[in-house]
Amino acid sequence: MIEVHVIDVPEFRPMVDTMRGQPAVTITGPVKGYWTISAPDELTFDRRAMKMKPAVWYGIFTGGLNGEIAHWGRDEVRIVGTSRPL
Amino acid sequence: MTEKLGTRDDASSAKSFNEAMGIGTGDLTGVKHAAEDGIRLALHGVDHTARPTWKLNETVEFYRDVLGLPLVHAITARGWGPPGHHDFLHFFFDAGKGATIAFFYYIGSERPEKYAPEEHHFYFATHTAWAVDSEEELVTWKETLEKRGIQVSPYTRHEILESIYFTDPNGYPVEITRRLRDIESIDEVDARLTLQAAMDVESEARAAGRLMEDIDAVWRRKAKLVDAYKEDAQ
């Protein structure tokens, strides 16, 4: 299970907004200021869909990432589950 | 207060450079934390930042005449304190709300090579960032400086700041920035959890005799800390 925690502030909220309604994606929160996006196998974030500036994009997982970055690009990041210790 | 005005030590009583400048060892072993003595020390913003310059004329021209910052104070002195101290000028430009940017010009000295500017992010990490109050002010700064012939960076929107950058004749980086939003309580919580995650990962790396590998390791540890933080809420 992949989990991405998202701080409930304007610059990161598009991560939550663009994940709403996506198949197999669960969104909970905000709990004490954090949203949590979960998915069983993989999650893909689209920078352009989120209208996110590069300086924020490069820190997109600052809220916490239980997962592995399988692909990292300027406009798309794909994460998969990890067996590495948190 | 245990010392009274007029009876305190002053810098001329110092026996060494380290003593005069308050230079410590950097070792925090045995150093008390603020929580232990209960004394809350307060600051009220920046008074000044200071750097050396070996380009006196260009520095004054840039800050006073190009940027238009008022030259508000200047000290001239024979070298004093530790042996070998150069005669010097120390001068201050007003940067708003009581803050100044200051320079030392050490007479008869040449710039040592290690003070030469470098095209490297390590060098650019040390910089001055001045605040403006609005998007209009930031745009006015960028467009006006460009018209005056200064090379200015594109706008960069960070999480809570939008900034432009340029360098002075010494090569020192300057930033002008505006707040995009107020700092919220979640920002402080998040900063605490982020730094806790990073410090934990660094401690473990150090204990294993290696360097921290990547930010992903911090993001994974952060996930664990945020999980625990959220569970506390239930």
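Let me start with where the two chains meet: 23 residues of chain A are in contact with 22 residues of chain B, where contact means that the C-beta atoms of two residues, placed from the backbone, lie within 7 Å. On the chain A side, strand E1 (2-7), helix H3 (54-57) and strand E5 (65-66) each supply at least two residues, and the largest share, three residues, comes from E1(A). Helices (H or I, at least four residues) and strands (E, at least two) are DSSP runs, numbered from the N terminus. Sorted by class, this side of chain A has eleven nonpolar, six polar and six charged residues; here Ala, Val, Leu, Ile, Met, Phe, Trp, Tyr, Cys and Pro count as nonpolar, Asp, Glu, Lys and Arg as charged, and the others, Gly among them, as polar.

Before going on, please keep in mind that this is a predicted model, in which local features need pLDDT of at least 70 and side-chain atom pairs count only at pLDDT 80 or more, while totals for chains, interfaces and linings use all residues. Residues are numbered from 1 along each chain as its sequence is written, and chains are lettered from A and ligands numbered from 1 in the order in which they are written.

Now to chain A itself, which has three helices and seven strands, arranged along the sequence in the pattern β-α-β-β-β-α-α-β-β-β. Its radius of gyration is 12 Å, close to the 12 Å that the globule rule gives for 86 residues, so chain A is as compact as a globular protein of that length; the radius is taken over C-alpha atoms, and the rule is 2.2 Å times the number of residues to the power 0.38. Of those 86 residues, 34% count as buried, a label for a residue with 20 or more other C-beta atoms within 10 Å of its own, whereas exposed means 12 or fewer and partly exposed lies in between, with C-beta atoms placed from the backbone.

In which order do the strands of the open sheet in chain A lie? The order of the four strands is E2-E3-E1-E5, with antiparallel pairing, and two strands are said to pair if DSSP finds at least two bridges between them. The edge strands are E2 (26-31) and E5 of chain A, each of which pairs on one side only. Two bridges join E1(A) to E5(A), and A:Val4 has A:Leu65 in E5(A) as its bridge partner.

Turning to chain B, we find it divided into domain 1 (47-116), domain 2 (117-182) and domain 3 (185-233), with bounds that come from an automatic or database domain assignment. The centres of domain 2 and domain 3 of chain B, taken over C-alpha atoms, are separated by 30 Å.

Helix H6 (residues 185-207) of chain B has 23 residues and reaches 33 Å from its first C-alpha to its last, close to the 33 Å expected at 1.5 Å a residue, the expected span being 1.5 Å times one less than the number of residues. Its buried residues are B:Asp190, B:Leu193, B:Thr194, B:Ala197 and B:Val201, and H6(B) is followed by B:Gly209, whose phi is positive, near 75 degrees.
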